[in-house]
Amino acid sequence: TSKEEIQAANEELATTNQELQTRNELLKESYIFSEAIISTIHDPMIVLDKDLRVKIANKSFYKLFRLTEEDTEGVLLYDLGNRQLNIPKLRELLEDIISKNSSFRNFEVGLDFPKVGRMVLNLNGKRILQQAHREQLILLAIADVTETVNRQQQEKRRLEDKIDAQTKIANASRIADEYTRNVFMQAPVSIVVYKGPSFIVDLVNEKAIEMWGTSYENAIGKGLFDISPELRERGLEELLNKVYQTGETYVAHEFPTEYSRDGKMYDGFFNFVLQPINDLDGTVSGIVAVGADVTQEVIARRKVEESELRYHNLIYSSTSLVAILSR
């Protein structure tokens, strides 16, 4: 009986050993399979133990950091290479993975590499629990996003340059508009823009306001003959209608008219041009009137002419001998 019991125990032990060997082979096969997957991944990747020492790294990692297996396996992550990964924020993220069973994604950092220069890397970390040995590991994946970041920065700079150029154009346009407005408002001649067949005042400068003896607010949006009804009796309405209907410019020299200012009526003389405003389809939509008050010049000239006339009449009507000598 004892012999049979020993034989049964040996058979049970052999079976257990066989199962254990099979499991070890499966575990080894699984480890080799995992290692093969990691090694063939294009992006750099490393596996760390709970003390943040490297257990395994793939070829892409060695190539990026210019390291070998001897320089890497068993070494503390922060001591690798030129200690590029000794980053306080990365330390905090990795320590939280073990203590808090957390993970992190898209931790972006710029690093300097010998002979390569500045690179931007995107790091992702996750805890892995190895069931066979109850070992906690950290999988750290590293992606080179330098080109993407550079492209984004170039696009950002291009957009900023575009916005800057648009701002400069807008500022230049605003300055030009202000300059044009100042020139328009301060011109030494009166300028009025009339819209439509009722000759509504759309734009008017200071000289025209002064000539009408009114204010800017009382002129804009009003019809010309509502502001100065006396101008209608002087034939100006007929001239404006002719320009509006024919689209032909009218030029007047020393045009005699009567106008009201400060409640009083005055006779005056004006030089003016009535220029039609055409829409894109060629139809007349308004008139630009540019005028200058030449009353004083006309009066002065007439006085000179009257004086000369009196002078000549005096000479010709004189009964004495008069001679005009010239040198």
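**Entry 1**

I started in the loop between β6 (190-195) and β7 (200-204), where I found F199. A reminder to myself: this is a predicted model. Is F199 buried or exposed? F199 has a relative accessibility of 2%, so I put it down as buried. I also looked up its backbone: F199 is not a glycine, yet its phi is positive, about 55°. I noted the background that most residues other than glycine have a negative phi.

Next I went to strand β8, residues 250-261, to look at E254. Phi of E254 is near 50°, again a positive value in a residue other than glycine. With 32% relative accessibility, E254 goes into my notes as partly exposed, because that value falls between the 20% limit for buried and the 50% limit for exposed.

**Entry 1: helix α10**

I then turned to α10, which covers residues 236-246. Which residues of α10 are buried? I listed L236, L239, L240, V243 and Y244. Looking down the axis of α10, I saw that these buried residues fall within an arc of 130°, so they line one face of the helix. On the other side of α10 I found E238 and Q245, both exposed.

Strand β1 takes in residues 45-48. I checked which way its side chains point: M45 and V47 go one way, I46 and L48 go the other way, and all are buried.

Which strands pair with β1? With β5 (residues 135-144), β1 pairs in the antiparallel sense over four bridges, and there V47 stands opposite L139. With β2, the pairing is also antiparallel, over three bridges, and L48 stands opposite V54. The hairpin of β1 and β2 has five residues between the strands, and L52 in this hairpin takes a positive phi near 65°.

At 1% relative accessibility, N58 counts as buried. What does its side chain meet? A polar atom of the N58 side chain lies 3.0 Å from the backbone nitrogen of M45, and M45 is one of the β1 residues from my previous entry.

I looked up T295 for a second case. T295 is in helix α11, residues 295-317, and its 6% relative accessibility makes it buried. A polar atom of the T295 side chain lies 2.9 Å from the backbone nitrogen of F269.

**Entry 2: the second largest pocket**

Last, I looked for empty space. Rolling a probe the size of a water molecule over the atoms shows where such space is left. The second largest pocket holds about 260 Å³. I wrote down its lining: H42, D43, P44, S60, K63, L64, R66, V116, M119 and D144. Which element gives the most to this lining? The answer is α2, with three residues. Sorting the lining by type, I got four nonpolar, two polar and four charged residues.

Definitions and conventions: Residues are numbered from 1 along each chain as its sequence is written. This is a predicted model: local features need pLDDT of at least 70, side-chain atom pairs count only at pLDDT 80 or more; totals for chains, interfaces and linings use all residues. Side-chain values use heavy atoms; hydrogens and water are left out. Buried means under 20% relative accessible area, exposed over 50%, partly exposed in between (1.4 Å probe, protein chains only). A polar contact is a pair of N or O atoms within 3.5 Å; within protein, one must be able to donate a hydrogen and the other to accept it, and residues adjacent in sequence count only if both atoms are side-chain atoms. Helices (H or I, at least four residues) and strands (E, at least two) are DSSP runs, numbered from the N terminus. Two strands pair if DSSP finds at least two bridges between them. On a 1 Å grid over the protein atoms alone, a cavity is a set of points where a 1.4 Å probe fits but cannot get out, and a pocket is an open set with protein on both sides within 12 Å along at least five of seven lines; lining residues have an atom within 4 Å of a point. Grid points are joined across faces, edges and corners, and a volume is the space filled by probe spheres set on the points. Ala, Val, Leu, Ile, Met, Phe, Trp, Tyr, Cys and Pro count as nonpolar, Asp, Glu, Lys and Arg as charged, and the others, Gly among them, as polar. The arc is that of the directions from the helix axis to the C-beta atoms.
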